[in-house]
Amino acid sequence: MKNHVASWINPKAVEIKKVKHSFSKAKPFPHVLIKNVLQAEKFIALKNAVSKEKFMEKECDLFHFLQTDELKFSKNKVIQEWYELFGSKEFVSLIAQCTNIKLAPGVMDTFAAVYAPTHFLLCHDDRLQKRKVAFILYLEPSTQGGALELFTKKNGHPARPVKKVMPLENSLMIFEVSGSSFHAVEEVRKGNRMSIGGWFH
Amino acid sequence: MIHPQYQAQVSDMQKVFSMQAPKYVVLDEFLQKDELKRIEALLKKAKRKEQYIPDQYRYHQVFAKDIIKFFETDSALRSFMGMILGKVIKEIKINILELSAQDYSVLHDKNKEAGSAEFLLFFSEWDAAYGGARMLIKDDEKIPVVSKRNRFVLFEKKGVQSYWQYMNHKAGKNKIVVIQGIIK
């Protein structure tokens, strides 16, 4: 790993061959959860930095949660460093190898979100613009609810949630964005769920 | 069926309705007590079936044939709503919904709002903190219509989008039962 990537990423967590296998075999659509993805001290610094950002309430038919401005505009040095890392040629190349999807350097639409009790995100497929791979970096897990639900597809519509991925501190969820990638965040019942989400393109 | 006070004040209802944006009117204690109890008894006995398309809606449909027929054909109700709307109502299509925790509907590009107006008749006392409001959106205005036993709501649909707000876990086992009428 190049220096910048090595200083942030836990090399034991990202074994390309294993991650690639898990990603391609996952049902109902390609995804993988990489645990302990960041070096411990970097993770703590990032979590602290994000928790100090300004969060605004967002609510519509599809969701209700708290969200920051796009993180590329953050003035916090740790967040800026993280943003550069995730968009770097080296890190994007790592994700491209894990997913076997051709990706361009850079990340788009990266926001931090907090789901407090009663907050949710209803089922959708994420398809927009050039999004190819979605990511969620979990910073703080909720204590009840808040799982990422993955749905099967039937007749062009999502059918039922068949897999729940519980948010786990310092883990990175990635999944392929396609006409089949229907997912939701189930309502949080207890605790606050804090994460960073965005897309590789 | 309709409480006499509203039948006597229909011109006032019409004024209230036309002053709002979107145009809507909320009438509490709408049905006379005996009629309310009769309908509630029929609703309680009726069969339910889950309706779930995850990217569109989730609720239970209530199958109460007699009630559906009654609200689709009752001439007094049709005339009352026609006077408020200022039009002759040609057709009413009834759907009865039961909404529980985790139920919702979303705005959907493919689901254009059907009908020119809609009425809702609620049968459940409710706390707005549970979610489950019928949200009416016109331009920058967003109006939550909250359930209340024997509450009648009539709203125009021209330029209005609407959805059922996600009902959260605070609702517990409480449910909203509502008669929804699409007016053509």
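These are my notebook entries on a few places in a predicted model.

**Ground rules.** The model is predicted, so I take local features only at pLDDT of at least 70 and side-chain atom pairs only at pLDDT 80 or more, while totals for chains, interfaces and linings use all residues. Residues are numbered from 1 along each chain as its sequence is written, chains are lettered from A and ligands numbered from 1 in the order in which they are written, and side-chain values use heavy atoms, with hydrogens and water left out.

**Entry: B:Asn95.** I looked up B:Asn95 and found it in strand β4 (residues 92–99) of chain B. Strands here are DSSP runs of E, at least two residues, numbered from the N terminus. Is B:Asn95 buried or exposed? It counts as buried because its relative accessibility is 18%. Buried means under 20% relative accessible area, exposed over 50%, partly exposed in between (1.4 Å probe, protein chains only).

Next I checked its partners. Leaving aside residues up to four places away in sequence, B:Asn95 touches B:Tyr59, B:Gln61, B:Val178, B:Ile179 and B:Gln180. Touching means heavy atoms within 4.5 Å.

**Entry: rings.** I then turned to aromatic pairs. Rings of Phe, Tyr and Trp (its six-membered ring) pair if their centres lie within 6.5 Å; planes under 30 degrees apart are stacked, over 60 edge-to-face, the rest tilted. The count is 22 aromatic pairs over all chains. One of them is B:Phe119 with B:Phe152, stacked at 5.6 Å centre to centre, with 25° between the planes. B:Phe119 lies in strand β6 (residues 117–122) and B:Phe152 in strand β9 (residues 151–156) of chain B, 33 residues apart. B:Phe119 is buried at 0% relative accessible area. B:Phe152 is buried too, at 0%. Ring pairs link both into a cluster whose members include B:Tyr6, B:Phe30 and B:Phe70.

Entry: Which order do the strands take? In chain B, three strands form an open antiparallel sheet, β8-β7-β10. The edge strands are β8 (141–145) and β10 (161–164), each pairing on one side only. Two strands pair if DSSP finds at least two bridges between them. Five bridges join β7 (residues 134–138) to β8 in chain B. B:Met135 stands opposite B:Pro144 in β8.

Key: Helix = DSSP H or I, 4+ residues; strand = E, 2+ residues; numbered from the N terminus.
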